[in-house]
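Hi,

Here is the structure I promised to pass on. Have a look at it first, and then read my notes below.

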Amino acid sequence: VAVCASAADHVGTMAGTVHQAAELLGVCQQAGWDDPTVPVGEPVAGMRIGVLGGDFVSDCDPGVRRVFNASQETLRSLGTELVGLELDVDLAEADSHLNTLCRDLLVAYGDDLRAAPPGMLGSELRTWLELFAHADDDAYANALAQRERLQEVLAQMFRQVDVVVCPTARSSAGPYADATDEPREARIGNCSLWSFTGVPSLTLPAGVDGSGMPVGLLISGPPRADSMVLQVGAAFERCQPSTASETDSSALA
């Protein structure tokens with residue numbers, strides 16, 4: 001596995017179903033860990049699931065909000081207890097700190113990237129490289145300190161619930177060519193916190209918006225609780241009409 005940014009990298013998988021994601025995790029993880037495919041078929045009745053509000057759902061596209069609301073009803077029908085949560089975290093700040101840690105990319109590959117001939121690197125990647133280059137040592141140290149603080153905030157949250165859910169993105173999917181014109185917060189603002197703090201997360205199809213575009217549900221759990229996240233994801237997936245279709249995909253990180 002190639003290391004890009006050692007302080008920010010995570011091993012993740014993309015698969016057609018949650019069970020396939022669990023099988024891939026079993027290949028990736030250290031020897032001696034529990035088989036992640038075992039709980040995939042187990043019921044989730046009695047679990048406490050935190051439903052994240054605040055910035056996680058503010059400014060959501062109507063179609064995204066509708067699918068997320070329906071997802072909550074699906075989880076409730078599985079016998080879970082839903083708990084509304086307002087997490088006092090600045091998501092944009094967490095995203096900024098994550099970008100700062102990606103400065104490691106320049107340490108590993110900076111010379112090669114800077115020497116790349118014109119046209120070899122896309123404009124978006126060049127923009128990111130310029131952003132990483134402006135992250136000084138003080139900002140890097142602060143990002144590491146803030147990560148520890150947020151990890152403790154999340155640890156307190158996970159003492160109340162087993163997993164938490166939110167929309168994967170606040171905006172509906174659209175053409176790739178338009179992606180860079182859309183605010184970053186709407187596209188990946190709900191994901192950066194989990195990448196920054198290193199907790200296991202799973203995103204899977206939850207439905208479609210009014211235009212027929214897919215909407216994702218993001219499930220996150222405490223550190224090393226990958227199997228429980230997969231268990232909840234699999235139970236939710238079994239209730240979806242398009243389960244195991246060729247267009248479905250689940251991603252675990």
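This is a predicted model: local features need pLDDT of at least 70, side-chain atom pairs count only at pLDDT 80 or more; totals for chains, interfaces and linings use all residues.

Residues are numbered from 1 along each chain as its sequence is written, and side-chain values use heavy atoms, with hydrogens and water left out.

**Salt bridges**

Side chains of opposite charge can pair when their charged atoms come close. The rule used here asks for a side-chain nitrogen of Lys or Arg within 4 Å of a carboxyl oxygen of Asp or Glu, and it gives four salt bridges. Among them is the one between Glu81 and Arg48, at 3.0 Å from N to O. It links distant parts of the chain, with Glu81 in strand E3 and Arg48 in strand E2, 33 residues apart. (Helices, H or I, of at least four residues and strands, E, of at least two are DSSP runs, numbered from the N terminus.) Arg48 is partly exposed as well, at 30%.

Another one joins Glu93 and Arg149, at 3.9 Å. Glu93 sits in helix H3 and Arg149 in helix H6 (residues 137–157), so this pair ties together parts 56 residues apart in sequence. Arg159 and Glu152 also meet in a salt bridge, at 3.7 Å. Here Arg159 is exposed, with 59%, whereas Glu152 is partly exposed, with 37%.

**An aromatic pair**

How many aromatic pairs does a search of the whole structure find? It finds one. The ring centres of Phe56 and Trp194 are 6.0 Å apart and the planes are at 25°, so the pair is stacked. (Rings of Phe, Tyr and Trp, with its six-membered ring, pair if their centres lie within 6.5 Å; planes under 30 degrees apart count as stacked, over 60 as edge-to-face and the rest as tilted.) Phe56 counts as buried at 2% relative accessibility, and Trp194 counts as buried at 2% too.

Look for Glu86 in the loop between strand E3 (81–85) and helix H3 (91–101). Glu86 is exposed, with a relative accessible area of 65%.

Cheers

How values were computed
Buried means under 20% relative accessible area, exposed over 50%, partly exposed in between (1.4 Å probe, protein chains only).
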